[in-house]
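This report goes through one protein model, part by part. Please look over the sequence and the structure before reading on.

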Amino acid sequence: MAKVEQARWWAIRPVRSRKPATYRCPLCGLRLHAMSDHMLISPEGDGDRRRHAHGECVLAAREAGRLPLESEWRATRPRPPSLWRRLTGRV
Ligand SMILES: [Zn+2]
């Protein structure tokens, strides 16, 4: 199993490049061709650290509870302090 860096959440989007390049999928460690349909995963939305990954690998990782999306990560955070709720009227 290849190593993926730690991140609280990931930005994930489908991509297909016209560049005749190959990348190494960070999830399985195998090569992937830039011109095939695949996914771009960015730790906490950081485009400088984005990685190209196989769609199937991203799907498998997400089903295993890895690679949470930002909205999923936010849902697990503690509630904001009551002062914030009083100021904004949010519950
Ligand atoms: Zn892969």
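Predicted model: local features only at pLDDT ≥ 70, side-chain atom pairs only at ≥ 80, totals over all residues.

Where is Glu-44 found? Glu-44 is in the loop between β4 and β5.

## The zinc site

The zinc ion has four protein donors: the SG atoms of Cys-25, Cys-28 and Cys-57, and the ND1 atom of His-54. These donors lie 2.1 to 2.4 Å from the ion. Along the chain, the donors are spaced as C-x2-C-x25-H-x2-C.

The arrangement is tetrahedral because the angles subtended by the four donor atoms run from 100 to 119°, and four donors count as tetrahedral if all angles lie between 85 and 135 degrees. For comparison, the ideal angle for four tetrahedral donors is 109.5 degrees. Apart from neighbours within four places in sequence, Cys-57 is in contact with Cys-25, Leu-27 and Cys-28.

## The nonpolar core

Twelve residues form the largest nonpolar core. Among them are the zinc donors Cys-25 and Cys-57, and also Val-4, Ala-7, Trp-10, Leu-27, Leu-32, Ile-41, Ala-53, Val-58, Ala-61 and Leu-67. Helix α1, which covers residues 55-63, gives the most to this core, with three residues.

Nonpolar side chains tend to be buried together in soluble globular proteins.

## The three-stranded sheet

Three strands make an open sheet in the order β1-β4-β5, and their pairing is antiparallel. Strands β1 (10-15) and β5 (51-53) each have a single partner strand and stand at the edges, so one side of each has no neighbour in the sheet. On average, neighbouring strands are turned by 30° against each other, with direction ignored.

Six bridges pair β1 with β4, the strand of residues 38-43, in the antiparallel sense. At one of these places Ala-11 has Ser-42 as its bridge partner in β4; for Trp-10 the bridge partner in β4 is Pro-43.

Strand β4 is mostly covered, with five of its six residues buried.

Beyond its neighbours within four places in sequence, Ser-42 is in contact with Trp-9, Trp-10, Ala-11, Gly-47 and Arg-50.

Most residues other than glycine have a negative phi. Glu-44 has a positive phi, near 55°, and is not a glycine. Glu-44 counts as partly exposed because its relative accessibility is 28%, a value between the limits of 20% for buried and 50% for exposed.

Leu-67 also is not a glycine and has a positive phi, of about 55°. Leu-67 is found in the loop between α1 and α2, the latter being residues 70-76. The relative accessible area of Leu-67 is 5%, so Leu-67 is buried, and Leu-67 is a member of the largest nonpolar core.

## Two further positions

Thr-22 lies in strand β2, which covers residues 22-24. With a relative accessibility of 42%, Thr-22 counts as partly exposed. Leaving out neighbours within four places in sequence, Thr-22 is in contact with Arg-31, Leu-32 and His-33. The C-alpha atoms of Thr-22 and Ser-36 are 9.8 Å apart, and these residues are 14 residues apart along the chain.

Leu-59 lies in helix α1. Leu-59 counts as exposed because its relative accessibility is 53%, and exposed means over 50%. Leu-59 and Gly-45 are 14 residues apart along the chain, and 18 Å separates their C-alpha atoms.

Note on methods
Residues numbered from 1 in each chain as written. Heavy atoms only, no water. Donors = N, O, S within 2.8 Å, 3.2 Å for Na, K, Ca; no water. Tetrahedral: all angles 85-135°; square planar, octahedral: opposite > 155°, others 65-115°. Core = buried A, V, L, I, M, F, W, Y, C linked by side-chain atoms within 4.5 Å. Buried < 20%, exposed > 50% of the residue type's maximum accessible area, 1.4 Å probe, protein only. Helix = DSSP H or I, 4+ residues; strand = E, 2+ residues; numbered from the N terminus. Contact = heavy atoms within 4.5 Å. Pairing = 2+ DSSP bridges. Axes fitted to C-alpha atoms, helices over the stretch in contact; angles between N-to-C directions.
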